[in-house]
Amino acid sequence: MQNSSYHQTTASSSTSTDPSASEKWAEKLLRECAKAISEKDSSKIHHFLWMLNELSSPYGDTDQKLASYFLQALFCKATESGDRSYNTLISVAEKIHSFDTARKVILKFQEVSPWTTFGHVASNAVILEALEGEAKLHIIDMSNTYCTQWPTLLEALATRNDETPHLRLSVVVTAATGGSVMKEIGQRMEKFARLMGVPFEFQAVNCGFSRLGELKREDFALREDEAVAVNCVGALRSVSIKDRNGFLRVIHGLRPKVVTVVEEEADFTSNKDVYIMCFEECLRFYGTFFEMLEESFVATSNERLMLERECSRSILSVLACEGDGGSGECERREKGSQWCARLRSGDDHFMPLNFSDDAVDDVRALLKRYQAGWSLVTSQGDDASGLYLAWKDEPVVWASAWKPSS
Amino acid sequence: MHGTLELIHPTEQWDCTPINFPVTHHGSERQFAGAELSDFMEHVARQLSDNSENTADGFSMESLSNEAFTPSTGEYRPRKLARTYHHTSGSDGCGHAEDLQWINGTQSENVSTMTYKNNRSNDHDQQGLSLITLLMECAVAISVDNLEEANKMLLELTQVASPYSPSCAERVVAYFSKAMARRVMSSCLGGTMLSPLVQSKSILSAFQAFNTISPFIKFAHFTANQAILEAFHQRDRVHIIDLDIMQGLQWPALFHILATRPDGPPHLRMTAMGTSYEALEETGRQLSGFARRLGLSFEFHPVARKPGEVDPAMIQTRRGETVAVHWLQHSLYDAIGADWKTMRLLELIAPRVITLVEQEMPHSGPFLDRFIGSLHYYSTIFDSLGATLGCEDVNRHKVEHWLLSREISNMLAVGGPTRSGDERFGSWRTELMRRGFAQVPMSGNSMTQAQLILNMFPPTHGYTIQQGDGTLRLGWKENGLYTASAWTSPRLLR
């Protein structure tokens, strides 16, 4: 890259002022940088990347962290090295990934924040209601929370007044749960079910890494007399954009009694061809997430660091990788209203299920267990049905329930 | 402090009788004992500098992996570096000119075959030490300008090392790899000679935290104050020039003893140099207020310039006044400006005493020298913090992140800590001697000061003071970190 006069003159005058002294300095600089990239203004790109490089740190305050991780993405975008960097990062992450660390991180996260437990509680309530009276249950689980959702459900099944049903749990193996992790999870679930006295069967469904969209009905080995529930927590977004509607049709074809969908409230899909818009949304969402992390964990938390690093890979994927089947497809989130539109469309569509008052009460009770700042928002209007978890009044997680049209 | 003080006579021979502390044997073969990070570092660093004549093509890590250590905590063998980074020809189809030779997608060949363990403290240490090895490989790659290779390694290092780890080695790696990533990026961007941005508030706050949890700052302040006090003996008009005053934490203690001198207090002038006029004014207000409460006659002159950039006429010395110049060297930002100009300023001022506290690592020279020196230096400091503070301690994190990490970034940056490309002296002590300044040995009273400070910081068995060559050196275990010395102007000797 060539140096330029803009870069030099502006930078030398900036020695007297400290840009990091102002509030939310990171967002301002990042925004300017993204703008320069979309305008292909080379000298400005240099200037802002340089400033961000000086000021950022992944171990400092929220501004510094955002600056650091977004800088990496913007730099890769500017140097067209996003895909290669992403692949390396994923390889490293997989190398150091283990059941122990993953479990430690998610359990700590669930202890300090309802971010994932919100979806669990809402989904479990609906699943239990929908499968009431059934003797043979089959839950197909596609989630990114390492089966931490199911112990409470198993407990509920065990303590029901009527006869305890037989539960089959099919967990779809994703990138994170590959190899020994899934084996460990399966063993623990079986042990827990035994403890609870629930007749239980565990099955891992292999689909190859990030290839959710290629699953077929046969992969689930459905049986005649079972009632099926499909649980998708943070899963739909990992399906390639072009395959999403098709994937929903496959789910429809499983004839489930209920489908629960939980996703993070962000849109990196409709704007994927307008860089600056996608960037703004990314900054908004991750800015909120990082701020939430900072307020929920202690300053020196390794668990929080792992979550932040995971975010950095997502940010890189969205902002620096090529879409259309490449690594840039992996983390394209959509908002609740967008998923609703997909679920409602086509011949094989779904109809929303309401959350009962009991379910809503369960969620409210959950939120009370956490620090202030969290609230429940029931959706208004026809646009999106479901429940929203809000952090400081901003909706961040969406939970919904559906049944297939007959 | 103390009553009777001896007048410093510059030509007096320094009595090197050590008090309880062994004098360092430089260059002697030391039995490697203990898995202590800094010991390991020195050993490996020596290997690395011996090997660094080889270019990237010939560089081999075999000499390291064939060494067998026997640390006291049980078996440890540095892992054989069976790491291979496959170079496939750039086939991503982008076809741009600077085609980085990256690895393509398949998982297990991409990264090192190092296995990462978690959760058990012994494994933490083991992981920390393996990370150090990868870090050093990365440094070598940078030193021969192989930025692609370095970048790959950094992607790995920055994903694995945690600055909150129980292992000091891992914390060091986290910050060093971040510093190197910064450097690699700034190399890609060009414009490396531009002045870096200074973030004053966070630095000052972290500096205060450092002063609380560690004896190094107090050591610098109190031994220097002692030397200045001795130079001011029986002088009525005194002038202190602080080349980088920051918040002036050093001076209240000296004011106090000057104000309560048996001969009566002197009239004290202070010229304070620093980066920001507002900060200097604030410091001036604090110090003036303190002096007033002590009944000390005091004048404060802020000079918001670097010593190497200031017009000497702005530093006014008056006839009949005794001048002391003080400087605590650090790498947080470029406090001095051009070394040779600062030296010239000192020659012009011709102070009765210059109190100097230097960091024991090379601030200039080729990247690899600075890397090895600072890795050893900061590993030692991290060790000292880790010995007394838990891994969740917020002050420890503050110091490591806002202070030490910043220094590390500057040390490894293109152009070194000054970032300005100016020629730096290898060692100020050597340079002062070359210019004819005479060394004033640190007195027994200064040593006593140092001792008293150490008593405030457990575990006292960890921090060590060495005296020799007229200097006082504070360090951790056998590694010296800060060296205090005092000098007098050649003009005054005639």
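The model is a predicted one, and each value below was computed from it. Chain A is assigned two domains, with domain 1 covering 2-96 + 273-320 and domain 2 covering 116-267 + 337-404, while chain B has 494 residues, of which 57% count as buried.

**The two domains of chain A**

- The C-alpha centres of domain 1 of chain A and domain 2 of chain A lie 33 Å apart, and the contact takes eight residues from domain 1 of chain A and 10 residues from domain 2 of chain A.
- The size of an interface is often given as the accessible area lost when the parts come together. For domain 1 of chain A and domain 2 of chain A, the area buried between them is about 920 Å², with 51% of it on carbon and sulfur atoms.
- Of the area that domain 1 of chain A buries against domain 2 of chain A, 46% is supplied by A:Phe285, A:Thr288 and A:Glu295, which is more than any other three residues supply.
- Between domain 1 of chain A and domain 2 of chain A, the count of salt bridges is three.
- A salt bridge also joins the side chains of A:Glu394 and A:Arg284, with a distance of 2.5 Å from N to O.

**Helix H10 of chain A**

- Helix H10 of chain A runs over residues 244-253, and its buried residues are A:Arg244, A:Phe247, A:Leu248, A:Ile251 and A:His252. Seen down the axis of H10(A), these buried residues fall within an arc of 150°, so they line one face of the helix.
- The buried residues of H10(A) pack against several elements of chain A, including strand E1 (136-143), strand E4 (227-233), strand E5 (258-264) and helix H13 (336-344). Strand E6 (350-353) and strand E9 (394-404) of chain A are also among the elements they pack against.

**Residues with positive phi**

- Just after H10(A), A:Arg255 takes a positive phi of about 50°.
- A:Asp393, a residue other than glycine, has a positive phi near 70°, and it lies in the loop between strand E8 (387-391) and E9 of chain A. Its relative accessibility is 69%, so A:Asp393 counts as exposed, the cut-off for exposed being over 50%.
- In chain B, B:Met246 has a positive phi of about 50° although it is not a glycine, and this residue lies in the loop between strand E1 (237-242) and helix H9 (251-259) of chain B. Because its relative accessibility is 13%, B:Met246 counts as buried, the cut-off for buried being under 20%.

**Chain B as a whole**

- The secondary structure of chain B comes to 16 helices and nine strands, and its accessible surface comes to about 20500 Å², of which 49% belongs to carbon and sulfur atoms.
- Among the contacts in chain B with a separation of 6 or more, 77% are accounted for by residues 24 or more positions apart.

**A buried leucine in chain B**

- B:Leu412 lies in helix H13 (residues 394-412) of chain B, and it is buried, with a relative accessible area of 0%.
- Not counting residues up to four places away in sequence, B:Leu412 touches B:Phe176, B:Ala179, B:Met180, B:Arg183, B:Phe367, B:Arg370, B:Phe371 and B:Ser374.
- B:Leu412 and B:Leu375 are 37 residues apart in sequence, and their C-alpha atoms are 10.0 Å apart in space.

Methods
Residues are numbered from 1 along each chain as its sequence is written. Chains are lettered from A and ligands numbered from 1 in the order in which they are written. This is a predicted model: local features need pLDDT of at least 70, side-chain atom pairs count only at pLDDT 80 or more; totals for chains, interfaces and linings use all residues. Side-chain values use heavy atoms; hydrogens and water are left out. Buried means under 20% relative accessible area, exposed over 50%, partly exposed in between (1.4 Å probe, protein chains only). Helices (H or I, at least four residues) and strands (E, at least two) are DSSP runs, numbered from the N terminus. The arc is that of the directions from the helix axis to the C-beta atoms. Contact means heavy atoms within 4.5 Å. Accessible areas come from the Shrake-Rupley method with a 1.4 Å probe; for residues, only the protein chains shown count as cover. Domain bounds come from an automatic or database domain assignment. Buried area is the accessible area (1.4 Å probe) that two parts lose on being put together, summed over both. A salt bridge is a side-chain nitrogen of Lys or Arg within 4 Å of a carboxyl oxygen of Asp or Glu.
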